[in-house]
Amino acid sequence: MSASVITVETQEDLSDKLIIQQPSVGLSLQGRIRVPGDKSISHRALMLGALAQGETEIQGLLLGEDPRSTASCFQALGAEISELNTELVRVKGIGLGNLQEPVDVLNAGNSGTTLRLMLGILASHSGRFFTVTGDGSLRSRPMSRVVKPLLQMGAQIWGRKGNSLAPLAIQGQALKPTHYLSPIASAQVKSCILLAGLMTEGQTIVTEPALSRDHSERMLRAFGANLTIEPETNSVIVTGPAQLYGQKVIVPGDISSAAFWLVAGAIVPGSELVVENVGVNPTRTGILEALALMGADIQLENQREVAGEPVADLRVRSSRLKSCTIAGDIIPRLIDEIPILAVAAVFAEGTTIIRDAEELRVKESDRITVMAQQLNKMGAQVTELPDGMEITGGTPLAGTDVDSYTDHRIAMSLAIAALVSKGITTIHRAEAAAISYPNFTATLQQVCS
Ligand SMILES: O=C(O)C1=C[C@@H](OP(=O)(O)O)[C@@H](O)[C@H](O)C1
Ligand SMILES: C=C(OP(=O)(O)O)C(=O)O
C-alpha cells in the first residue's frame, strides 16, 4: 500500500534528516528485494586478496563506507584494487610479507573490522613502520583487545591510554606463535590473531568462550592457509608461514542488513516481503532464531551454498510477536542485530530481556543507551541494563525527533520503528546508514510503495 511519505533532507553540515510520515491509511510492505553484500565478507575478500599471490575477483562487494576504508588502506599498502563496484572488483595481490610502508597514516574511518584485522597484518610485516587511525567513534573504541594478544606474540605497538586507543603506531616484527585464550567471543579478535599467525612460524591458536562468526576461517582455507578448527573448544589453529593464492569470491547479501526488512515485515500488519540471496552462515543466524522465538513468520527458501557460504531467500509475513529472553552464546551470533531486535520487542506482547550484550556499549555508539533513549523518546518502555535492555512491548509509538548518533545500525533501526509510529519521525544524522547500507532509503521507499 502506498501513502507513506519518506523524504531525505540534506543539512548545511552535510548530514541527512530522514523524515518518515506514517500514512493515514494502512501501510503494508510488499515485494522482493535484495540487500547489499555482506560487510564482514567484503572486508576479508579485500584483505586476503591484497595478501595473496595472483588476482582475486570479488562479485557482490558491499560499496558501503566501511569496505571503502579497507580498500583505501590496502591500496596505500601497495595492493592494486580496481574501481569498486558490485559486479566485479579485481585485486592484484602482492603476496604475504610484501606490504609497502605507506607514506601516510592509514585511516580506517568508522570501521572497527578494518582497524582490528589490519593490526594483525601490519604487526607481522617485519621491518616496516605503520601508523593507523580512524574517525572520532573509532578513536574511542577499545583496541587493547587486539593489542594485548599481539604484544604477547612480540609485536611492537604504541598508542594513547596505555596502547589501547587509536591513533596507533606499529613497528612490524617477526612474531612468535601463541595460544591466546580470548576473554570475549569476538570475530575481530580471532581474525586479527589468525592474520598475524599467517606469517608467524609455528602454530598460532585462538580459543574463544563462544563461537563468533567464522568467515575468516572459511576464506583463509579457500585461499590456501593451513587451518585446523576444534569445535569442541571453539579453537582455531593456523600454521605458518602460509602462502595465499588469489580466489574468486562471491559475496552474499548481508543478513545484518536483511534484519531490518525481516523486522519491518514482521511488525507492519499485512506485509509480505522476500529478501533474496541472504548469507545464512550459522554463526550469523541468531537473529532468525530470536525472531522465531518471538513468533515471527520467516521461511528460508531456495537454500544453497555459494562460494563456501550458505545462502537462502528469506520470506517474512507479518504476525503477532511475543516477548522472549536473549542471552548467552547466541549473543555473538546476533550482536549487530540487537538494535533492530529491540524495535521488534517494542511491538511484541510482554517484556523482552536482552542480557550478556555489554559489547554493545563499545560499538560505533553505546547502542544500549542510544537505543533506549531514542525509542523512549518515541514512547517505548525500554530500561537499560548494564549488559542489555528490558523492553516492555505494546505501547503505541509516536513520531518525534530522534538521532542516530552517527551509528548506521541505530539510524536504520529507528527508520523501521518510524513505519509503525503515529505522525512524523525525523531521524537526524541518518546518512550514517551508508556505512553498511548505501541504498537503504531507496529500498525503504520501494517496499512502502
Ligand atoms: O569480524 C567482523 O566482521 C565483525 C565482528 C563483530 O565485532 P566483534 O568481533 O567486536 O564482536 C561485529 O560486531 C562487526 O560488525 C563485524
Ligand atoms: C560493529 C560494527 O562494525 P565495526 O566493528 O566493523 O565498526 C557494525 O557493523 O555494527
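This is a predicted model: local features need pLDDT of at least 70, side-chain atom pairs count only at pLDDT 80 or more; totals for chains, interfaces and linings use all residues.

Me: Where does Ser-271 sit in the chain?
Reply: Ser-271 is in the loop between helix H8 and strand E16, which spans 272-279.

Me: What does Ser-271 touch, leaving out neighbours within four places in sequence?
Reply: Its contacts are Ser-28, Leu-29, Gln-30, Ala-264, Gly-265, Val-316, Arg-317 and Ser-318. Take Arg-317: 46 residues separate Ser-271 from Arg-317 in sequence, yet their C-alpha atoms are 5.6 Å apart.

Me: Fine. How confident is the predictor about the protein?
Reply: The average pLDDT is 97, and 99% of the residues score at least 70. For the complex, the predictor gives an ipTM of 0.99 and a pTM of 0.98.

Me: Which residue does UniProt list as "active site"?
Reply: Asp-336, according to an unreviewed UniProt entry. Asp-336 lies in the loop between strand E20 (325-326) and helix H10 (338-346).

Me: Is Asp-336 buried or exposed?
Reply: Buried, because its relative accessibility is 12% and the cut-off for buried is under 20%.

Me: And which residues is Asp-336 in contact with, beyond four places in sequence?
Reply: Arg-213, Ser-256, Lys-363, Arg-367 and Arg-409.

Me: Now the ligands. Which residues are around ligand 1?
Reply: Lys-39, Ser-40, Arg-44, Thr-113, Arg-145, Ser-186, Ala-187, Gln-188, Arg-213, Ile-335, Asp-336 and Lys-363.

Me: What are the polar distances from Asp-336 and Lys-363 to ligand 1?
Reply: A polar side-chain atom of Asp-336 is 2.6 Å from an oxygen atom of ligand 1. For a polar side-chain atom of Lys-363, the distance to an oxygen atom of ligand 1 is 2.7 Å. Ala-187 uses its backbone: a polar backbone atom there is 3.0 Å from an oxygen atom of ligand 1.

Me: How much of ligand 1 does the protein bury?
Reply: 94% of the 380 Å² that ligand 1 exposes when taken alone.

Me: On to ligand 2. How many residues surround it?
Reply: 13 residues surround ligand 2, and the closest are Lys-39, Gly-112, Thr-113, Arg-141 and Arg-409.

Me: Which side chains have polar atoms by an oxygen of ligand 2?
Reply: Arg-141 is one of them, with a polar side-chain atom 2.8 Å from an oxygen atom of ligand 2. Glu-364 has a polar side-chain atom at 3.0 Å from an oxygen atom of ligand 2. Asp-336 turns up here too, with a polar side-chain atom 3.3 Å from an oxygen atom of ligand 2. The protein covers 98% of the 290 Å² of accessible area that ligand 2 has on its own.

Me: Back to the loop between E20 and H10. What about Arg-333?
Reply: Arg-333 lies in that loop. Arg-333 counts as buried because its relative accessible area is 18%. Its side chain makes a polar contact of 2.7 Å with the side chain of Glu-289. Not counting residues up to four places away, Arg-333 also touches others, including Leu-211, Pro-282, Gly-286 and Ile-287.

Me: Which residues of helix H9 are buried?
Reply: In H9 (residues 286-293), they are Gly-286, Ile-287, Leu-288, Ala-290 and Leu-291. Their cover includes helix H8 (255-267), strand E17 (297-306), strand E18 (309-317), E20 and H10. Just after H9, Gly-295 has a positive phi of about 90 degrees.

Me: What is phi at Asn-163 and Thr-406?
Reply: Asn-163 has a positive phi of about 65 degrees, although it is not a glycine. Asn-163 is in helix H5. Thr-406 is also not a glycine, and its phi is positive, near 60 degrees. Thr-406 sits in the loop between strand E26 (401-403) and helix H12 (408-419).

Me: Last one. What domain does UniProt list?
Reply: The unreviewed entry gives "domain: Enolpyruvate transferase" for residues 28-444. That span is 31% helix and 28% strand, and its end C-alpha atoms lie 12 Å apart.

Terms used
Residues are numbered from 1 along each chain as its sequence is written. Chains are lettered from A and ligands numbered from 1 in the order in which they are written. Side-chain values use heavy atoms; hydrogens and water are left out. UniProt positions are given in the numbering used here, feature names are shortened, and annotations may be inferred rather than shown by experiment. Helices (H or I, at least four residues) and strands (E, at least two) are DSSP runs, numbered from the N terminus. Buried means under 20% relative accessible area, exposed over 50%, partly exposed in between (1.4 Å probe, protein chains only). Contact means heavy atoms within 4.5 Å. A polar contact is a pair of N or O atoms within 3.5 Å; within protein, one must be able to donate a hydrogen and the other to accept it, and residues adjacent in sequence count only if both atoms are side-chain atoms. pLDDT is the predictor's confidence in each residue, from 0 to 100. A residue is near a molecule or strand if one of its heavy atoms lies within 4 Å of it. Accessible areas come from the Shrake-Rupley method with a 1.4 Å probe; for residues, only the protein chains shown count as cover.
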